[in-house]
Amino acid sequence: MIANPLKKIGLVFLVLFLGAVPLLFLVVPPVADSKLNPVLNRPPYVASERAQALHKQLTIVDLHADTLLWQRDPVARNDRGHVDIPRLIEGNVALQAFTIVTKTPRGLNIENNNDQSDNITLLAIAQLWPRSTWRSLKERALYQAVRLKDAAERSNGNFVFIKTKSDLAAYLKRRASDRRMSAGFLGVEGAHALEGDLNNIDLFYDYGIRMMAPTHFFDNDIGGSAHGVTKGGLTDKGKQMVKRMQAKSMIVDLAHASSAVISDVLQISTRPVVVSHTGVKGTCNNTRNLSDEQLKGIAKTGGLIGIGYWETAVCGRDAKAIARAIRYTANVVGVEYVGLGSDFDGAVAEPFDTTGLVQVTDALIAEGFSDDEIKLIMGGNAIRVLSLSLPA
């Protein structure tokens, strides 16, 4: 008499469990996305008439967004996060760097992290990524690269995947007469995605990846992270990686690099290097941000410093704080070496989504930059670096 009711209870729990599993995959990823990528101020965004008029003339380039990590269709307009193709077009963003994240540690911070844990495994499973990505950092990188290629193919010509100088030149010529489009190129956060094999640089290149950072939030076999345990310099393998990347016209990104890695890369680099998303110690003094000496070293390569938008980067929560960091950087190294590096969709709170960049234009006007200087900062400098650095 007891066995039968217990059996029924067991069946009920089984049904509830099986019903909860699909709900887990449907509900948890978008909730996590919304909580981790909040917009502090929702659109529409207000700016002066002068800023609005100037903004329409700009060729805007943003050097960093982690959008491909999240379960959103880049081709569709979304009501969460910071970036998708329709919002890029609305914000007059000509070119967006889509940066690939393959591993982050639990308890992530800017001071001290090791490589013994990983948040992305659970995210990949919850978002129903291919099984091959559950254990392989390389496969996670390739999967996200394919997502951008697929978005371009489904965009009806409204989005262009940039891999070469000729791609960029043809796209900019086309966009000069029709601004109802945007474009993107691929970067990788941290060479741990290579899984210890420098031959994977060639594989990443074949998938369209054109920028890569030696480290992300922890030290690896390439070198030290600014947020790692040892924070050391480039290893011998790291030096080989830099030389191999630059020989293939891939851009070295020093975001998250330790001071020692930055120094080592600057000593051996033969091409412009960038810091895709950062702040500066001169306006926001913390481990995450760059010193004046580092700014000068990066500029000396002909490279670019992408100023971020989030609070740890600029010690503020609005466009004024972003413009203040840009002004400081321009005063130290010249206006030709500073650009935008939002860190959109990077699990940080942002003051606006990508449709709100007109507020940065407005804040730069208030900082006293001329129209020509604003054109350089908002994208002209990045176009110069990419035109020099991408393969033919």
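Colleague: What should I know about the model before reading values from it?

Modeller: It is a predicted model, in which local features need pLDDT of at least 70 and side-chain atom pairs count only at pLDDT 80 or more, while totals for chains, interfaces and linings use all residues. Residues are numbered from 1 along each chain as its sequence is written, and side-chain values use heavy atoms, with hydrogens and water left out.

Colleague: How many helices and strands does the protein have?

Modeller: Helices (H or I, at least four residues) and strands (E, at least two) are DSSP runs, numbered from the N terminus. The protein has 14 helices and 9 strands. Its radius of gyration, taken over C-alpha atoms, is 21 Å. The globule rule (2.2 Å times the number of residues to the power 0.38) also gives 21 Å for 392 residues, so the protein is as compact as a globular protein of that length. Along the principal axes, the C-alpha atoms fill a box of roughly 85 × 50 × 40 Å.

Colleague: What share of the residues is buried?

Modeller: Buried means under 20% relative accessible area, exposed over 50%, and partly exposed in between (1.4 Å probe, protein chains only). Here 55% of the 392 residues are buried.

Colleague: Which cysteines form a disulfide?

Modeller: A disulfide is a covalent bond between the sulfur atoms of two cysteines. The cut-off used is a pair of cysteine sulfur atoms within 2.5 Å. A search of the whole structure finds 1 disulfide, formed by Cys284 and Cys315 with their sulfur atoms 2.1 Å apart. The link of Cys284 and Cys315 is right-handed, with 75° about the S-S bond.

Colleague: Where in the chain do the two cysteines lie?

Modeller: They join distant parts of the chain, 31 residues apart. Cys284 is in the loop between strand E7 (274-278) and helix H10 (292-300), and Cys315 is in the loop between helix H11 (311-314) and helix H12 (319-333). Cys284 counts as buried because its relative accessibility is 1%, whereas Cys315, at 44%, is partly exposed.

Colleague: Now a residue in a helix. Is Gln144 buried or exposed, and what is its relative accessible area?

Modeller: Gln144 is found in helix H5 (residues 137-153). Its relative accessible area is 0%, so Gln144 is buried.

Colleague: Which residues is Gln144 in contact with?

Modeller: Contact means heavy atoms within 4.5 Å. Leaving aside neighbours within four places in sequence, Gln144 is in contact with Leu68, Leu69, Ile100, Val101 and Trp129. The C-alpha atoms of Gln144 and Trp129 are separated by 9.8 Å, and the two residues are 15 residues apart along the chain.
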